[in-house]
Amino acid sequence: MNRKRFISGLLAAAVLMGAAACDRNAGRNKPADTSDDITGVEDTAVTDGTIKVTIAETGSGDASGDADAGTDAITDKGTDKGAYTDTDSSGKTDVTTAGLPVPTGEYDPIVFMYTYSNMAWRYETMCTLITASGEVYIFRDNPAVSMMHNGRDIELEYLKEYAEPSWHLDHEDIEELYEVCCAVAPDVETDMVHAAYDRGEYKFTCIDQETGREITVSVDGDYRMETDDPTLKEAQELSGDLLAGIKGPITDLKLNLYSYCISAPYGGTELIGTHLVFDSFEKLARYCEENGIELDADAAREQFEEASYIMLQVFDTDQRLSGVLITDDEVLQLLPSLEAFEYDPAYDGKVGVGMWRFEGFEEGSYVDENGDPWVLYG
């Protein structure tokens, strides 16, 4: 099913961000090292390796917490639960939430995120997304998308369309943890204690579905978040239990969106379904010219002139290429976009051809989504 739900301008902005992102295999254009930054906190004192902080919770969009902040706007949540109110004895802000909305086939948003990132030696990342229904997706991604506004929601759209969940959790366990997390006061006091070197950051986050507020539940790694707040401590304990319930086998997913992607129109039918690999830009350009693929040579040269390998696939619709999904280091899928593009007369009556730079290609190691080997041209 083709879910064209994103605004037309998103792809252009994402491509600009993706072009500057680190390609893990190519080793080019490394992102700035932000491993010493602690997102969303205000440093107030440093004593014996302990940073006294207050978590400043906001949504991923406008700090006012409007309907568009964090996840996409929700029109029909199906809420059937009463309000949950937390009032502690310390005088902190009381929090009231209506409970986790009931998920449906069309409404199954991200409720929890567990992320790992490390820039000590090279950029490493792992993300676990847990939805309201209990679907769990565990994958590696590229930083350009994960740091975008609503980037995690976009990643979830592609994973739901082109992958299978890594695991399933009980909806009741998710609901229990969600209500406790939403009861954590926005001004809860925590300490960030230096705990190690070069371990990176492990972070568990809850997303309030009513306000888009991203609630930091736990942080570990180079710095560990500690607190005396009973509600936050309960949320930390329950989140640990929830993560412990995710067991193998786990599918290894690598999701790379909006980086090193080029699309071109093709007016024929003979090449539809073609999957090829080129080991030079010159071979790719010559193939496109000989077969009527309308490649923008200047744009392609900028992306691919120094590439070791370039993957090419001819789609059966006019969709453009938005990214790649690699499963278990074996199945390599070029992903037709889920985005609604602005009208382009160049694609009238034609299909899209997607091309992607991949430095890690090894002949005989990868098959396409049909189980057929990716073949090196020539």
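**Strand E19 and its sheet**

User: How many residues of strand E19 (residues 351-357) are buried?
Analyst: Strand E19 is largely enclosed by the rest of the structure, because the count of its buried residues is seven of the seven. Buried means under 20% relative accessible area, exposed means over 50%, and partly exposed lies in between (1.4 Å probe, protein chains only). The model is a predicted one, in which local features need pLDDT of at least 70 and side-chain atom pairs count only at pLDDT 80 or more, while totals for chains, interfaces and linings use all residues. Residues are numbered from 1 along each chain as its sequence is written, and side-chain values use heavy atoms, with hydrogens and water left out; the number asked for in E19 is seven.

User: Which residues of E19 point the other way from Val351, Val353, Met355 and Arg357?
Analyst: In a regular strand the side chains alternate between the two faces of the sheet. In E19, Val351, Val353, Met355 and Arg357 are buried on one side, and the buried residues that point the other way are Gly352, Gly354 and Trp356.

User: What is the order of the strands in the open sheet that contains E19?
Analyst: Helices (H or I, at least four residues) and strands (E, at least two) are DSSP runs, numbered from the N terminus, and two strands pair if DSSP finds at least two bridges between them. The edge strands of this sheet, each pairing on one side only, are E14 and strand E20 (375-376). The sheet has five strands with mixed pairing, and its order is E14-E19-E16-E15-E20.

User: In which sense does E19 pair with strand E14 (residues 261-266) and with strand E16 (residues 310-314)?
Analyst: Strands of a sheet pair through backbone hydrogen bonds, either parallel or antiparallel. On the E14 side there are six bridges, and serine 263 has glycine 354 of E19 as its bridge partner. On the E16 side there are five bridges, with isoleucine 310 partnered by arginine 357 and glutamine 313 standing opposite glycine 354. The sense is antiparallel with E14, and with E16 it is likewise antiparallel.

User: Why is E16 described as largely enclosed, and how many of its residues are buried?
Analyst: Ile310, Leu312 and Val314 point one way from E16 while Met311 and Gln313 point the other way, and all are buried. E16 is therefore largely enclosed by the rest of the structure, the buried count being five of the five.

User: Which residue in E16 stands opposite histidine 275?
Analyst: Strand E15 (residues 275-278) pairs with E16 in the antiparallel sense over four bridges. Opposite histidine 275 stands glutamine 313.

**Helices and loops**

User: At about what angle does helix H7 (residues 297-304) run to E14?
Analyst: Helix H6 (residues 281-291) lies across E14, E15, E16 and E19, and runs at about 20° to E16. Helix H7 lies across E14, E16 and E19, and its angle to E14 is about 150°.

User: Tyrosine 260 and aspartate 328 are set in loops; which class of accessibility does each have?
Analyst: Tyrosine 260 lies between E13 and E14, and its phi is near 55°, a positive value in a residue other than glycine. Aspartate 328, between strand E17 (321-327) and strand E18 (331-336), also has a positive phi near 55°. With a relative accessible area of 4%, tyrosine 260 is buried, whereas aspartate 328, at 43%, counts as partly exposed.

User: Where is glycine 248, and is it buried or exposed?
Analyst: Glycine 248 sits in the loop between helix H5 (230-244) and strand E13 (253-257). Its C-alpha is 8.5 Å from that of serine 166, although the two residues are 82 apart in sequence. Because its relative accessible area is 52%, glycine 248 is exposed.

Key. Contact means heavy atoms within 4.5 Å. Axes are lines fitted to C-alpha atoms, for helices over the stretch in contact, and angles run from 0 to 180 degrees between N-to-C directions.
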